[in-house]
Structure formats: structure tokens, C-alpha cells
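Open the model in your viewer and keep the selection panel at hand. The tour goes stop by stop.

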Amino acid sequence: MAGLERLVFGTIRRYRLLEDGDVVYVAVSGGKDSAAALWTLRRFLEVYPMDVRITAFHIDLGFSTSGETLSVVEALASRADVDLEVVHVGDFGVDVERAAAALRRPVCSVCGAVKRYLMNRVPRERGATKVATGHHMDDVLVNFIKNLAGNHLDWTSKMGPKLVGTGKLLTKIRPLYEASSDEISGYVRAMGLPVAKCPCPYTMGSCSYAKETLEMARALSVRPGSVRTGHISTYLAIRSGLDKMEEGTPGIKRRLVRGIHELARRMGTPSSRPPAQCSVCGEPSSGQICAFCRIRMASQRGIGKATEKI
Ligand code: AMP
Ligand code: ZN
């Protein structure tokens with residue numbers, strides 16, 4: 001059994017990520033992390049058979065790279081021998097790039113809101129009990145530090161390996177919670193899993209592409225801090241600091257991420273009362289109209305309207 005599988009199997013068992021009767025939608029982006037999440041979950045069920053059904057789930061964001069990404073995701077699902085469900089944002093009346101321009105928001109922030117919404121709504125409507133993502137240990141550590149620096153302490157409660165849903169919010173699981181990006185890259189290479197070269201054409205956000213950029217920067221011996229592209233430089237700077245700590249004290253990142261989980265556990269579920277519902281679509285929302293509906297309206301309104309916060 002590969003080292004990463006042993007690690008991920010331990011995470012799945014320790015945090016009870018899978019239970020009999022589960023229908024798990026694995027959100028696959030075409031990138032290496034979600035490919036490894038799908039593959040290790042499948043392997044777990046081969047080694048420890050359970051009454052759990054796995055489906056790969058992909059959101060076509062309508063970008064220039066979408067065609068290539070879709071073929072990669074299809075190849076991955078077929079190799080894993082699981083069903084693949086694809087939704088196209090266009091079918092929901094959303095155009096991510098157009099909405100970003102209309103709302104004068106970064107494409108990555110609009111894209112993130114669209115993905116969060118569809119990753120919850122579509123699997124739930126199709127009978128899923130859980131959604132699994134490819135978030136890994138380095139993502140958790142970087143986001144934790146960014147949240148501390150940004151004074152978003154409450155968000156820590158959502159940073160465990162399993163976020164139990166209430167009402168219309170599905171339970172989210174993160175099987176790669178204790179695995180580093182490097183361990184995942186090695187595994188994906190060793191297994192020869194199909195991965196898109198660039199699932200996202202944008203470089204300004206904390207998307208999968210940012211993580212690839214770090215690997216590129218390292219391979220070229222470029223100082224990560226010198227990559228001046230917004231969030232990426234922050235992501236890279238924190239990652240490179242964490243990697244230095246790990247070099248000096250092997251195992252520290254794993255201990256830190258377990259500490260974050262313990263903190264999240266002690267903070268309890270984010271809120272005991274169910275979130276409000278969007279008055280347009282009925283999905284969970286903190287405001288009267290949810291971010292997704294505002295993005296959909298902006299997609300239809302077109303470019304050049306006044307700034308609006310989403
Ligand atoms: P990212 O925010 O791009 O780092 O993605 C985080 C996780 O969200 C990935 O590991 C996937 O599990 C999921 N994800 C990202 N993009 C998509 C997509 N287009 N379709 C389905 N799942 C996605
Ligand atoms: Zn809505």
C-alpha cells in the first residue's frame with residue numbers, strides 16, 4: 001500500500017469520514033488534489049468494503065480551458081470506474097467572467113462563490129449524503145494563517161476534516177486533510193492519474209493553479225515572494241515559510257493541522273441556528289438574496305454596472 005494511502009486511510013477512520021449508507025459526491029476539478037481524493041477514497045473502499053457509493057462531480061465553469069479539463073475528468077472517472085456527473089454553469093444562467101466584470105469583483109471570488117453553491121446544491125438534490133473535496137494539509141495551514149491575520153477567527157470552526165451539515169447544507173469531508181501537497185503530487189505521478197495541465201486560466205486567486213505555480217517557482221529556484229500576483233504571492237510566501245519549518249522540524253505541519261482540527265472541534269459547529277434562506281432560490285444564505293443569485297443576475301445584466309458586493 002502506498003504511503004499516502006496509509007495516511008489517508010488513517011484520516012478516514014480517525015474522523016469517521018465514511019459511514020454505511022453514504023452517497024459521496026467527490027468534487028473533481030481536473031487538478032491533482034481532487035484526483036488523489038477520488039482515487040484514495042476508491043482504494044479505501046476496495047481495502048475496507050462498506051456500503052458507500054462514490055460519484056465524481058465536476059462543475060464546468062465555462063472557461064477557455066474547460067474542454068480539456070472535461071476530457072481529463074472523464075478519463076479519471078472512467079479509470080476509477082465511478083459515475084461522473086457534470087454541470088455547466090451556463091445551464092444555470094451564469095457566466096463567471098461576465099458577472100465578475102459586471103460586479104467588478106475578481107474572477108476567482110465569483111468562481112469560488114459559484115463552486116461553493118453548486119457543490120452543495122447539486123449533490124444534495126441528486127441524493128448525496130456528503131461532498132468530498134481535494135483540500136489538503138497545506139491548504140488548511142495557509143488558510144488558517146490567513147484567517148488569523150485577517151481576524152476571521154470564527155472561520156476556524158469550519159476547518160476540520162469533516163464539516164457536518166445542517167438543514168440544506170451537506171456534510172463536507174476532506175480526506176486529504178493530513179496529506180501535504182508534495183505527498184499528493186508524488187502519489188498522482190506514481191499512479192499515473194490523468195490531471196489537467198491548467199484547470200484554471202486565472203492566476204490571481206487561491207485556486208488549484210496557484211499551487212501548481214508554487215511547484216513551478218520551486219523547480220526554477222525562484223524566490224516565491226517575487227511572484228507578484230495578488231493572492232498567489234501570499235499563498236506562496238506562507239507555504240514557503242511552512243516548508244522551511246518542516247525542513248527544520250519534520251512532522252511539524254502534521255502536528256499543526258491536528259491542532260487546527262482540535263481547535264475547530266472545541267469551537268463546535270459554526271452556528272446552532274440554521275442559516276437563512278435565499279428569497280429567490282431557497283438555498284442557504286446569510287443575506288436576503290444569496291451570492292449565487294446575485295451572480296446569476298449580474299451575468300444577465302452584462303458588463304459595466306456599478307460595483308456591488310457579493
Ligand atoms: P480550489 O479552490 O480550486 O483549490 O479547489 C478546492 C477543491 O474544490 C478541489 O480540490 C475540488 O475538490 C473542488 N473543485 C474545485 N474546482 C472544481 C470544479 N470545477 N468542479 C468540481 N469540483 C471542484
Ligand atoms: Zn439564491
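Buried here means under 20% relative accessible area, exposed over 50%, and partly exposed in between, with a 1.4 Å probe and protein chains only. The model is predicted: local features need pLDDT of at least 70, side-chain atom pairs count only at pLDDT 80 or more, and totals for chains, interfaces and linings use all residues. Residues are numbered from 1 along each chain as its sequence is written, chains are lettered from A and ligands numbered from 1 in the order in which they are written, and side-chain values use heavy atoms, with hydrogens and water left out.

**Stop 1: the whole chain.** Colour by secondary structure. The chain has 11 helices and 6 strands. Helices (H or I, at least four residues) and strands (E, at least two) are DSSP runs, numbered from the N terminus. Of the 310 residues, 48% count as buried. Contact means heavy atoms within 4.5 Å. Among contacts between residues at least 6 apart in sequence, 78% join residues at least 24 apart.

**Stop 2: the sheet.** Select the strands. They form an open sheet of 6 strands with mixed pairing, in the order β3-β2-β1-β4-β6-β5. β3 (83-88) and β5 (162-163) stand at the edges, each with a single partner strand, so one side of each has no neighbour in the sheet. Two strands pair if DSSP finds at least two bridges between them. Now pick β1 (residues 23-27) and β4 (residues 130-132): they pair in the parallel sense over 3 bridges. Show V24; its bridge partner in β4 is K130.

**Stop 3: H58.** Select H58, in strand β2 (residues 53-60). Leaving out residues up to four places away in sequence, H58 touches V28, S29, T69, L70, V73, L84, E85, V86 and V87.

**Stop 4: helix α11.** Which residues of α11 are buried? They are F292, C293, I295, R296, A298 and S299. What covers them includes α4 (96-103) and α5. A291 also lies in helix α11, but A291 is partly exposed, at 24% relative accessibility. Draw a distance from A291 to V110: the two are 181 residues apart in sequence and 8.6 Å apart in space, C-alpha to C-alpha.

**Stop 5: the zinc ion.** Select ligand 2. This zinc ion is coordinated by C278 (SG), C281 (SG), C290 (SG) and C293 (SG), at 2.2 to 2.3 Å. Donors are N, O and S atoms within 2.8 Å of the metal (3.2 Å for Na, K and Ca); water is not among the atoms, so sites may look incomplete. The donor residues are spaced C-x2-C-x8-C-x2-C in sequence. C281 sits in the loop between α10 (252-267) and α11 (291-301), and C293 in helix α11, 12 residues apart. C281 is partly exposed, with a relative accessible area of 25%, whereas C293 is buried, at 0%.
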